[in-house]
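Colleague: I have some questions about how the terms are used for this protein. Could you take me through them?

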Amino acid sequence: MEIYLLLGGNIGPVRENLRRARDLIAARVGRVVRASRVYRSPAWGFESPDPFYNVALAVETALVPDVTMRTLLQIEQELGRRRGAASETPPAAPQPDAACGHPTSAAPQAVSQAAPSAAPQAVCPQAVCPSAVCPQASAVPQAAPSAVCPQAAPQTVPAAQAAADAAPSKTYASRPIDIDILFFGTLVLDTPLLTVPHPRLPQRRFALLPLCDIAPALVHPVLHQTVTDLLAACPDTAEVVPVP
């Protein structure tokens, strides 16, 4: 299935992080079939002197949505992202994670599409090791498999993500890397872990312009408008410019 991702960041070695994220996505999620130009834009939803750099990717993947999302969150962590932190400035050196004791630079365990045999537990959003369980997290009761993916294990929403959805203007911060799923084929999903199409895509010029580079005729499965149409109607007037 072809999915569309937006990569971005505004602190640290951003261009290098974009390159490394693309390489890790190609290795763990699927083949990158198209990539946009890199665009520069001001921070969206909060004030920052550091501009953001963004690139859109079209990726062919055989992974199911929740596995894809967990894999992308893992890549973010490896590249220095700390969701929910007051400042997401990347550390100067790898630090051990409080939940599992593994350094943040450690290679992640492979993600399997098969559901685990044991009852799923809430996973700490700060844990680098996919098997690490947050000591503060409560067990998640077993639930019926997803209608979209019968193999997908139920997942709790990370606290930082829930807070961002509830009050985005208070939780956006500078970050070394951010990876959003804009579209997952033509699927329409709204789960604790993932919502696609991305709910704020029509309001974000910095996402629509790169996406228009690689999929101008792609039709939004809910709004029934092409990416080109969404860009023309976007209320965001921020300056978004391609960079070499």
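Colleague: Which residues of helix 5 are buried?

Modeller: In this predicted model, the buried residues of helix 5 are Phe 206, Ala 207, Leu 208, Leu 209, Pro 210, Leu 211, Cys 212 and Ile 214.

Colleague: What do the buried residues of helix 5 pack against?

Modeller: They pack against strand 1 (2-9), strand 2 (30-35), strand 3 (38-41), strand 4 (52-61), strand 5 and helix 6 (227-233).

Colleague: How do you know that strand 4 is mostly covered?

Modeller: By the count of buried residues: 8 of the 10 residues in strand 4 are buried.

Colleague: Why are strand 1 and strand 4 said to pair?

Modeller: Two strands pair if there are at least two bridges between them. Strand 1 and strand 4 have 8 bridges, in the antiparallel sense, so by that cut-off they pair. One place to look is Glu 2, which stands opposite Glu 60 in strand 4.

Colleague: How many bridges are there between strand 2 and strand 4, and how many join strand 3 to strand 4?

Modeller: Strand 2 pairs with strand 4 over 5 bridges, in the antiparallel sense. Arg 31 has Glu 60 of strand 4 as its bridge partner. Strand 3 is joined to strand 4 by 3 bridges, and these two also run antiparallel. There, Ser 41 stands opposite Phe 52 in strand 4.

Colleague: Why is Leu 18 called buried?

Modeller: The relative accessibility of Leu 18 is 7%. The cut-off for buried is under 20%, so Leu 18 counts as buried.

Colleague: Where is Leu 18 placed, and what is it in contact with?

Modeller: Leu 18 lies in helix 1, residues 14-28. Leaving aside neighbours within four places in sequence, Leu 18 is in contact with Leu 7, Gly 8, Val 38, Tyr 53, Val 55 and Ile 177. Leu 7 and Leu 18 are 11 residues apart along the chain, and their C-alpha atoms are separated by 6.6 Å.

Colleague: Why is Val 188 called partly exposed?

Modeller: Val 188 has a relative accessible area of 49%. Buried would need under 20% and exposed over 50%, so Val 188 is partly exposed. Its place is in the loop between strand 5 (178-184) and strand 6 (189-190).

Colleague: What can be said of the whole protein?

Modeller: There are 6 helices and 8 strands. Buried residues make up 46% of the 244 residues. The accessible surface comes to about 11,800 Å², and 56% of it belongs to carbon and sulfur atoms. Of the contacts between residues at least 6 apart in sequence, 71% join residues at least 24 apart.

Colleague: What is the average pLDDT of the protein?

Modeller: The average is 76, and 64% of the residues score at least 70. Over residues 89-170 the pLDDT is below 50, though this stretch has 99 contacts in the model beyond near neighbours in sequence. Where pLDDT is low, the predicted coordinates should not be read in detail.

Methods. Residues are numbered from 1 along each chain as its sequence is written. This is a predicted model: local features need pLDDT of at least 70, side-chain atom pairs count only at pLDDT 80 or more; totals for chains, interfaces and linings use all residues. Side-chain values use heavy atoms; hydrogens and water are left out. Helices (H or I, at least four residues) and strands (E, at least two) are DSSP runs, numbered from the N terminus. Buried means under 20% relative accessible area, exposed over 50%, partly exposed in between (1.4 Å probe, protein chains only). pLDDT is the predictor's confidence in each residue, from 0 to 100. Contact means heavy atoms within 4.5 Å. Accessible areas come from the Shrake-Rupley method with a 1.4 Å probe; for residues, only the protein chains shown count as cover.
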